[in-house]
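Please keep the sequence and the model in view while reading.

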Amino acid sequence: MKKVVVGLSGGVDSSVTAYLLQQQGYEVIGLFMKNWHDDTVTISDECPWLDDSNDAMMVAEKLGIPFQTVDLSEEYKERIVDYMFREYELGRTPNPDVLCNREIKFDVFMKIALSLGADYVATGHYCRKGILEKDGETIYQLLAGKDDNKDQSYFLCQLTQEQLSKTLFPIGELLKPEVRKIAAEQDLITADKKDSQGLCFIGKVRLPEFLQQKLKAKEGVIVEIDSQREQYQDLPIQFNSKAEELELLSKKFQYELADGKVVGKHQGAHYFTKGQRKGLAVGGTPEPLFVIDTDVNENIIYTGQGKEHPGLFRKALFVANDEVHWVREDLAIAPDSELKVKARIRYRQELQEATLHQTENGLYVLFENAQSAITEGQFVAWYLEDELVGSGVIS
């Protein structure tokens with residue numbers, strides 16, 4: 001009998017995951033990860049970890065499976081929280097959920113599960129795993145979940161073949177309402193529980209306060225850039241080479257104080273991210289202001305009016321070689337070659353037509369249509385049909 005450890009988070013998805021595996025004849029063990037101690041920054045009545053671990057325990061009891069809690073807060077602080085602070089300080093915007101899967105659930109947690117003698121680890125992610133044989137080798141595929149509204153393959157975009165080989169995603173074939181229905185039929189306490197928001201397993205965190213613990217506030221100015229600026233007009237239509245085109249199209253606009261007018265003040269450029277609209281507190285413009293860039297060195301936020309402001313859009317992005325990750329290593333492209341894919345630069349974004357161009361120093365993703373708010377530090381993931389084949393950190 002194969003043994004599988006389920007990461008029980010106290011939510012409905014992982015509860016049903018455990019139930020389905022039990023039905024499929026696995027020996028199931030429930031494990032709850034505690035990833036956070038500091039309650040001062042969580043919004044306490046929004047799903048604190050204690051409620052979640054109690055719910056997880058009650059689900060395990062109901063299913064009659066062994067249950068224990070593992071405390072991973074030390075690893076979480078080192079690998080996720082400290083990393084986030086470093087990224088924000090550099091003016092980048094990290095994605096904690098992708099990292100939490102790569103560093104915690106499918107690494108630290110997986111090692112604990114395997115040390116308990118488990119054959120597999122299972123999570124309540126809405127995605128599917130495919131298996132194919134190629135040249136006598138077994139290859140694992142990361143496929144989108146059946147529920148288009150809930151597909152979470154993006155969050156798993158950094159997984160490796162090794163990790164996929166030991167993972168099961170039982171609810172990937174189901175739609176969310178079906179998952180809730182199973183939970184209700186089995187009388188699981190989590191059947192009607194709201195989906196958790198916020199940082200992976202921490203509960204809702206007040207991000208500005210969380211950041212302020214480490215990153216000191218310092219007052220700076222908010223500058224508005226006119227959408228008619230000539231730097232938006234002068235991209236050449238003809239390029240001398242593909243390399244030149246890719247470099248120019250992926251390059252971000254550079255601004256300085258003199259390029260626009262000062263319209264307000266802020267408490268720290270590192271608290272803001274591209275495309276952000278809330279929190280600027282500048283009124284009196286015909287259209288709302290959006291952040292088009294932040295300069296953490298000079299502590300200036302550059303903004304533009306309206307979500308169609310040209311400063312928000314770019315047609316290409318760049319990923320440094322050491323940040324390129326192929327889930328399907330067998331499909332990785334060699335320098336000077338290209339691959340037509342569909343790509344997204346954030347969770348829940350509709351897939352966009354794009355072409356990958358591998359060069360000596362990194363990978364360019366060239367989109368058919370210009371993309372709004374391409375953000376350094378976030379992940380771009382690319383797909384062939386419904387299979388996520390690779391990803392990278394936007395430079």
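With which residue does Lys193 form a salt bridge, and how far apart are the closest N and O atoms? The partner is Asp55, and the closest N and O atoms are 2.7 Å apart; a salt bridge here is a side-chain nitrogen of Lys or Arg within 4 Å of a carboxyl oxygen of Asp or Glu.

The model is predicted, with local features needing pLDDT of at least 70 and side-chain atom pairs counting only at pLDDT 80 or more, while totals for chains, interfaces and linings use all residues. Residues are numbered from 1 along each chain as its sequence is written, and side-chain values use heavy atoms, with hydrogens and water left out.

**Salt bridges across the chain**

- By the rule given above, the count comes to 28 salt bridges.
- Helices (H or I, at least four residues) and strands (E, at least two) are DSSP runs, numbered from the N terminus.
- Asp55 has a relative accessible area of 16% and is therefore buried; buried means under 20% relative accessible area, exposed over 50%, and partly exposed in between (1.4 Å probe, protein chains only).
- Apart from residues up to four places away in sequence, Asp55 touches Gly10, Ile189, Thr190 and Lys193, where contact means heavy atoms within 4.5 Å.
- A salt bridge also joins the side chains of Lys62 and Asp187, at 3.5 Å from N to O. Because Lys62 lies in helix H2 and Asp187 in the loop between H6 and H7, the pair ties together parts that are 125 residues apart in sequence.
- Lys62 is partly exposed, with a relative accessible area of 47%, whereas Asp187 counts as exposed at 54% relative accessibility.
- Arg328 pairs with Glu387 in a salt bridge whose closest N and O atoms are 2.8 Å apart. This pair too links distant parts of the chain, 59 residues apart, with Arg328 in the loop between strand S13 (324-326) and strand S14 (338-344) and Glu387 in strand S18 (residues 387-393).
- Arg328 and Glu387 are both buried.
- A network of salt bridges links Asp13, Lys150, Lys176, Arg180 and Asp195.

**Helix H1 and its surroundings**

- Helix H1 (residues 12-23) has twelve residues and reaches 17 Å from its first C-alpha to its last. That is close to the 16 Å expected at 1.5 Å a residue, the expected span being 1.5 Å times one less than the number of residues.
- H1 is mostly covered, with ten of its twelve residues buried. Among them are Val12, Asp13, Val16, Tyr19 and Leu21.
- The cover over the buried residues of H1 includes strand S1 (3-7), strand S2 (27-34), helix H2 (49-63), strand S4 (120-122), strand S7 (167-168) and helix H6 (176-185).
- Ser14, in helix H1, counts as buried at 4% relative accessibility.
- Leaving aside residues up to four places away in sequence, Ser14 touches Val6, Gly7, Leu8, Ser9 and Gly124.
- Ser14 and Val179 are 165 residues apart in sequence and 9.8 Å apart in space, C-alpha to C-alpha.
- Just after H1, Gly25 has a positive phi of about 95°.

**Domains and the contact between domain 1 and domain 3**

- The domain assignment of the protein gives domain 1 (3-213), domain 2 (220-311) and domain 3 (314-394); such bounds come from an automatic or database domain assignment.
- The contact between domain 1 and domain 3 takes 28 residues from domain 1 and 26 residues from domain 3. The C-alpha centres of these two domains lie 25 Å apart.
- About 2,200 Å² is buried between domain 1 and domain 3, and carbon and sulfur atoms give 51% of that area. Buried area is the accessible area (1.4 Å probe) that two parts lose on being put together, summed over both.
- Three salt bridges are counted between domain 1 and domain 3.
- Strand S5 (127-134), strand S6 (137-144) and helix H5 (161-165) each supply at least two residues of the side of domain 1 that touches domain 3. S6 gives the most to that side, with six residues.
- Asp386 forms a salt bridge with Arg128, the closest N and O atoms being 2.8 Å apart.
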